[in-house]
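Biologist: Hi, I've got a new model open and I'd like a tour. Please keep the words simple.

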Amino acid sequence: MRLLVIEDDADVAAFLAKSLREAGHTVDVANDGDTGFILADAGGYDVLLIDRMLPKRDGLSIVQGLRAKPDRTPVLILSALAQVDDRVKGLRAGGDDYLTKPFAYSELIARVDALARRAAPEEQTTRYVVGDLVLDRLARRVSRGANILDLQQREFRLLEFLMRHAGQVVTRTMLLEHVWDYHFDPQTNVIDVHISRLRSKIDKGFDTPLLHTVRGAGYIMRAGGA
Amino acid sequence: MKLASSLPLRVTLAAVAGIAVMLSLLIALIGAAANRTLSERTLDALDAELAEARAVFTSDGLDALTRHLDRRTAAGAQTRYGLAISDAAPRGSIAMTDISSTTDRTVFTYTDTRTGRSHLAAGRRALIPLADGRTAELLLAHDIDDQQRLARTIQMIALAGTVAIAIGAFGFGLHARRKLLSRVGAITTTSRAIMTGDLSQRIARDASRDEIDQMADNLNGMLARIEELMQALRDVTDNIAHDLRTPLNRLRLIAEDALRPDHGTEFTSDALGRIIEEADSLIKTFNAMLLVARLEQGVGAEAFEAVDVSRLVEDTADLYMPVAEDARLRVVVRVVQSANHTIKANRQLLGQAIANLIDNAIKYTPPNTRRAPADVIIGIQTKTDTLEISVEDSGPGIAPEDRARVLKRFVRLEKSRSLPGTGLGLSLAAAVARLHHGEIRLEDNAPGLRAILVLPRTTRA
């Protein structure tokens, strides 16, 4: 994937570029708003990572400028402003996702991957398959091998999200945001408990586990090997 | 303070100057009016006497007039006269040569030819034609020395009075200044003490309820509030120090341990994972602190929308249900979906507040409590003006004297310090309640705690 990072803090920009390159992406960096807008406008990027506060032209204005073109390239807004309202403003300006500094490397990679995939026109998949686990969206049915699994509605949505992002790390925050629509921190690690419930239903009694924990990052659905 | 820059003194002096000027004017006016009235009366009397003198002269001649006049002006009488006829010796006690004026009415000074004393007099003059063709010049006069003296006395009294008033007013000004200074001085002394760091100082009050007393009252109220905030800040700092140092220490220990060369790769990567978890929990704490601070500034009210509270409560309870089940607690949600439960609110913040209350209820209720009908009961009550979201637990509860305190930032009761959490759950919920013009009420659930999030049904936003 080709990524553009618009970030004025040299250290953060270097860290971002290094992390994203290690994750297999091609990365360009712009250090101010004007340069960033020109590069982004030239096109060819799969995902834009834009800091909110930039010299010369602020991040939200870049996003608004691109959306007015219209340019639908997915944008991940990076910001030190953590509050719900700031996030709402960022998304209203046309951002696709919002990540608050300081953020975890794993969170960043997971979100960029999710955005990059969204860039490809999403085919309306009705069936997700990971190994021998099959989720049928239309029939609202989950089966593993020959067994029909009995999932509650919330467990179903949780599994659906995990399987849609099979092969990618999904963070706890992403799950809270997309499965529960909560953009806050529920103190206790409630997500872990939900995951262990789900895991006991889809993995318990089977030889190969499909739902793996990635220490310090989140979870990943994957057939074969931890 | 310099005397010249003293406000009460300046005000008094200005008032004194004004009063003195007006008083002098008034007295001068009274004097002039009295003087004129007396003079008119004198002249009227002289006119009558002159007419009488003419009548005497016409009927009886010059010598009779002279006798008449001498009788009238005998010792003790008010009237004096002078009579001058050319070529003849002047008669009467006034020498006509003294009088320079040629008008009929005149005020003049003369020397009495009999006593040799000098007098001030007001006079009337008349020319009397004699039978032989000569003209006699007659002057009748009243001494007005007394009148003059009275006028002088009035002036003197006026002057003395003005001076006395000025002196008295100056003294009064000094007194007012001293009195005011002692009151203002109390404020000055107290503020100096406060500036040196003793915030417990208060301005001394007297019971007068005057303006300065009320001002002292207000200043004291302000000081109490400031002291309270400072104390809160100190508490927060202490609590932050404790709550942040512990995980930081832990983080450092893990890292130090992982650095030792005799550990394998697996140990190291496990340690790094734990370090990340510790760091995440620190970031969570910081974010929560920041959120409470910003909520206290009113941030978040812009994103109000219609929120179905019953739905939000059910969803949030649902999020925590597996956690409760793991702790072997029975949680009952008594919520009936209703249109009445839709209010204007910030969904995310309200969800966070409800989540915190449920999180606490589950965290503080011991496992296997087995209370009937449930260990934790979550419900919504609709009141006339408010919507009450209640979370009842079966834990140790909070002593009545601690209830107000736990809603403050970063307060965790000592016995709960070992449990995970930022210590901001209740204070964050309270801040969210305040943002929605509501409140958190803590009650005894005998045993346990009943936390009630009270929200107005028509939120002013």
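Biologist: Where does Arg328(B) sit?

Modeller: Arg328(B) is in the loop between helix H6 (309-326) and strand S7 (331-334) of chain B. Helices (H or I, at least four residues) and strands (E, at least two) are DSSP runs, numbered from the N terminus. One caution: this is a predicted model, where local features need pLDDT of at least 70, side-chain atom pairs count only at pLDDT 80 or more, and totals for chains, interfaces and linings use all residues. As for labels, residues are numbered from 1 along each chain as its sequence is written, while chains are lettered from A and ligands numbered from 1 in the order in which they are written.

Biologist: Okay. What is the phi of Arg328(B)?

Modeller: Phi of Arg328(B) is positive, about 55°, although this residue is not a glycine.

Biologist: And is Arg328(B) buried or exposed?

Modeller: Arg328(B) has 12 other C-beta atoms within 10 Å, so it is exposed. The rule is this: 20 or more other C-beta atoms within 10 Å of a residue's own makes it buried, 12 or fewer makes it exposed, and in between is partly exposed, with C-beta atoms placed from the backbone.

Biologist: What kind of peptide bond joins Ala446(B) and Pro447(B)?

Modeller: A cis one, with omega about -5°. Pro447(B) belongs to the loop between strand S11 (439-444) and strand S12 (449-456) of chain B. Chain A has a cis bond too, from Lys69(A) to Pro70(A), with omega near 5°. Pro70(A) is in the loop between helix H3 (59-67) and strand S4 (75-79) of chain A.

Biologist: New topic, helices. At what angle do H5 and H9 of chain B cross?

Modeller: Roughly 25°, and the axes of H5 (residues 265-296) and H9 (residues 425-435) of chain B come within 9 Å. Axes here are lines fitted to C-alpha atoms, for helices over the stretch in contact, and angles run from 0 to 180 degrees between N-to-C directions. H5(B) and H9(B) are therefore roughly parallel to each other; that label covers angles under 35 degrees.

Biologist: Which residues of H5(B) and H9(B) meet?

Modeller: From H5(B), Ala288(B), Leu291(B), Val292(B), Leu295(B) and Glu296(B); from H9(B), Ser427(B), Leu428(B), Ala431(B), Val432(B) and Leu435(B). Two residues are in contact if their C-beta atoms, placed from the backbone, lie within 7 Å. By class, this H5(B)-H9(B) contact has 8 nonpolar, 1 polar and 1 charged residues. Ala, Val, Leu, Ile, Met, Phe, Trp, Tyr, Cys and Pro count as nonpolar, Asp, Glu, Lys and Arg as charged, and the others, Gly among them, as polar.

Biologist: On to sheets. What is the strand order in the 4-stranded one in chain A?

Modeller: S6-S7-S8-S9, an open sheet with antiparallel pairing. Strands pair if DSSP finds at least two bridges between them. S6 (127-130) and S9 (147-149) of chain A are at the edges with a single partner strand each, so one side of each has no neighbour in the sheet. S6(A) pairs with S7 (residues 133-136) of chain A over 4 bridges, and Val130(A) stands opposite Leu133(A) in S7(A). Helix H6 (residues 153-164) of chain A packs on this sheet, touching S6, S7 and S8 (141-144) of chain A.

Biologist: What else does H6(A) lie across?

Modeller: S10, S11 and S12 of chain A, at about 75° to S12(A). Those strands form an open sheet in the order S10-S12-S11, also with antiparallel pairing. The twist there averages 35° from one strand to the next. 3 bridges join S10(A) to S12 (residues 218-221) of chain A.

Biologist: Last one: how many residues does each chain give to the contact between A and B?

Modeller: Chain A gives 22 residues and chain B gives 32. On the chain A side, H8(A) gives the most, with 4 residues.

How values were computed
Angles under 35 degrees count as roughly parallel, over 145 as roughly antiparallel, 65 to 115 as roughly perpendicular and the rest as oblique.
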